[in-house]
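Dear colleague,

Please find below the structure that I am handing over to you.

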Amino acid sequence: MTIDWTALGQVTAVSIGVTVAVVVVFAFGVLGLARYEGAKEQGSTSTVGAAQAGLCFLACVAVVAYGIYLIVPQFH
Amino acid sequence: MDHITFLVAVVIVTALAFDFTNGFHDTANAMATSIATGALKPKTAVLISGVLNLVGAFLSTEVAKTISGGIVNDAKVSPAMIFAGLVGAILWNLVTWLVGLPSSSSHALFGGLIGAVWVGAGSGAVNFDKVVEKIIIPAFASPVVAGVAALIATYAAYKLTTRGRADSVTKGFRLGQIGSASLVSLAHGTNDAQKTMGIITLTLISVGALPDGAGPPVWVILCAGLAIALGTYIGGWRIIRTMGKGLTEIQSPQGFAAETASTAVILTSAHMGFALSTTQVASGSILGAGLGRKLAEVRWGVAGRMVAAWLITLPCAALVGGISAAAVKHGGNFGTIVVALVGAALAAGIVLLSRRNPIHADNVNDHHEVAIRTTPPSHVDTAA
């Protein structure tokens, strides 16, 4: 029996890294959304908020697309 | 189709029955947190998950080339042993569903097979070092990795979004949860449906109904996909309650962090060739997300029972598989019929017991406990 510690370590590092990165980027997107909606409520608009939300959510969509690419063997 | 003997027909039906229990046992992995936070209505969640499992079944062409991935010696496995192993796996899945504990369907399947092969072909046909390498180590490592990832991500999510408007933050993360939960469902369909396809295909090959090395016929893909999708759609509500409410009270940022962690661990491990249990990964993520939110309550009693269930899943399924294999080995077709009837009777009994305190789409979020006897409902807050 051999335990592939390198592979185990890689899975650990990549999983934690990807999770934290996606959630942090998404959280910034949510903050942008909150800012945009807050401004809208007061009758103005927050272009910065909208742009921040758009960019962050787009980045998350890209990660999801890569996830689907990994899941579907026909793409490989 | 004159190759299809009575025993082969029984194996196919039993494999599909296992596939069904696999689906409804595992709905919770993808959807429990989305249901608990209200990101998706319960019925919508199980519908999405069911459809994605069916899609996943058709997408995965790389059907398992071995029944067990080398855990037992496939050359010594007969259809009778597969049948006995499946009976063990199904019964254990139903028992853990009754008490609402998320346990691994893969471990139940491997346990049942190990027990059946041990009795049927001797302990030499079980590769114990493979059991440690492919089951025991991932079983300990994967929930911990997923839990740590979810913990850090949850902590970061709360830290970052405290400045934001609460309703926008909740809404944003709920939307995100729909995406992350769907990805878990799709990954589940591609992984788990093919286990059953592999078993049916290899059984057909072993009796000469299919040539060596053949892929699964379309009807096998369709049946396996439909069985797991239907199981997912029916929904193991008892397990959904434990995972969404029982372990900890989940809010939408935690749900998003947990599902992202599960997806990341499942996809990375699959990419690196580690077999792991979706159930254990998802449970680890939820515990991590519970710990990551300050002052969030983690019910360690429930978590402890769940871990105990993980530890005994393989031996218990092996025991049932072994007993069934003994009956089939010594009783031939008659023994098979007896095992099938006793198994069906036990399954029916478990379902009847669950009726005493039914949990379904309409009451899944009302409480955090899964009891077998009815207790007066003491409502906890349902809005998260």
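Helix H9(B) passes helix H10(B) in a right-handed crossing; a crossing is right-handed if the near helix is turned clockwise from the far one by less than a right angle, and left-handed if anticlockwise. Helices (H or I, at least four residues) are DSSP runs, numbered from the N terminus.

This is a predicted model, in which local features need pLDDT of at least 70 and side-chain atom pairs count only at pLDDT 80 or more, while totals for chains, interfaces and linings use all residues. Residues are numbered from 1 along each chain as its sequence is written, chains are lettered from A and ligands numbered from 1 in the order in which they are written, and side-chain values use heavy atoms, with hydrogens and water left out.

Helix packing in chain B

The axes of H9(B) (residues 252-272) and H10(B) (residues 278-292) come within 8 Å and cross at roughly 145 degrees. Axes here are lines fitted to C-alpha atoms, for helices over the stretch in contact, with angles from 0 to 180 degrees between N-to-C directions. In H9(B), Gln254(B), Ala258(B), Ala261(B), Ser262(B), Val265(B) and Ile266(B) meet residues of H10(B) that include Thr278(B), Val281(B) and Ala282(B); contact means heavy atoms within 4.5 Å. The residues of this contact divide into eight nonpolar, five polar and no charged (Ala, Val, Leu, Ile, Met, Phe, Trp, Tyr, Cys and Pro count as nonpolar, Asp, Glu, Lys and Arg as charged, and the others, Gly among them, as polar).

For H2(B) (residues 42-59) and H7(B) (residues 218-234), the axes come within 8 Å and cross at roughly 165 degrees. The two helices are therefore roughly antiparallel to each other, a term for angles over 145 degrees. H2(B) passes H7(B) in a right-handed crossing. Among the residues in contact are Val46(B), Gly50(B) and Phe58(B) of H2(B), and Leu222(B), Gly225(B) and Tyr233(B) of H7(B). This contact comprises 11 nonpolar, five polar and one charged residue.

H4(B) (residues 105-121) and H5(B) (residues 128-161) have axes that come within 12 Å and cross at roughly 160 degrees; these helices are therefore also roughly antiparallel. Their crossing is left-handed. His107(B), Phe110(B), Ile114(B) and Trp118(B) of H4(B) meet Phe128(B), Val131(B), Ile135(B) and Ala139(B) of H5(B), a set of seven nonpolar, one polar and no charged residues.

Aromatic rings

Over all chains, a search of the whole structure finds eight aromatic pairs, where rings of Phe, Tyr and Trp (its six-membered ring) pair if their centres lie within 6.5 Å. The rings of Tyr66(A) and Tyr69(A) have centres 5.9 Å apart and planes at 20 degrees, so the pair is stacked, that is, with planes under 30 degrees apart. Both residues lie in H2 (residues 47-71) of chain A, three residues apart, about one turn of the helix. Tyr69(A) is partly exposed at 35% relative accessibility (buried means under 20%, exposed over 50% and partly exposed in between, with a 1.4 Å probe and protein chains only). Phe26(A), Phe57(A), Phe173(B) and Phe256(B) form one aromatic cluster.

Gly56(B) lies in H2 of chain B and is buried, with a relative accessible area of 0%. Not counting residues up to four places away in sequence, Gly56(B) touches Leu186(B), Gly189(B) and Thr190(B). Gly38(A) is found in H1 (residues 5-41) of chain A and counts as buried at 16% relative accessibility.

With kind regards

Definitions and conventions
Angles under 35 degrees count as roughly parallel, over 145 as roughly antiparallel, 65 to 115 as roughly perpendicular and the rest as oblique. Rings of Phe, Tyr and Trp (its six-membered ring) pair if their centres lie within 6.5 Å; planes under 30 degrees apart count as stacked, over 60 as edge-to-face and the rest as tilted.
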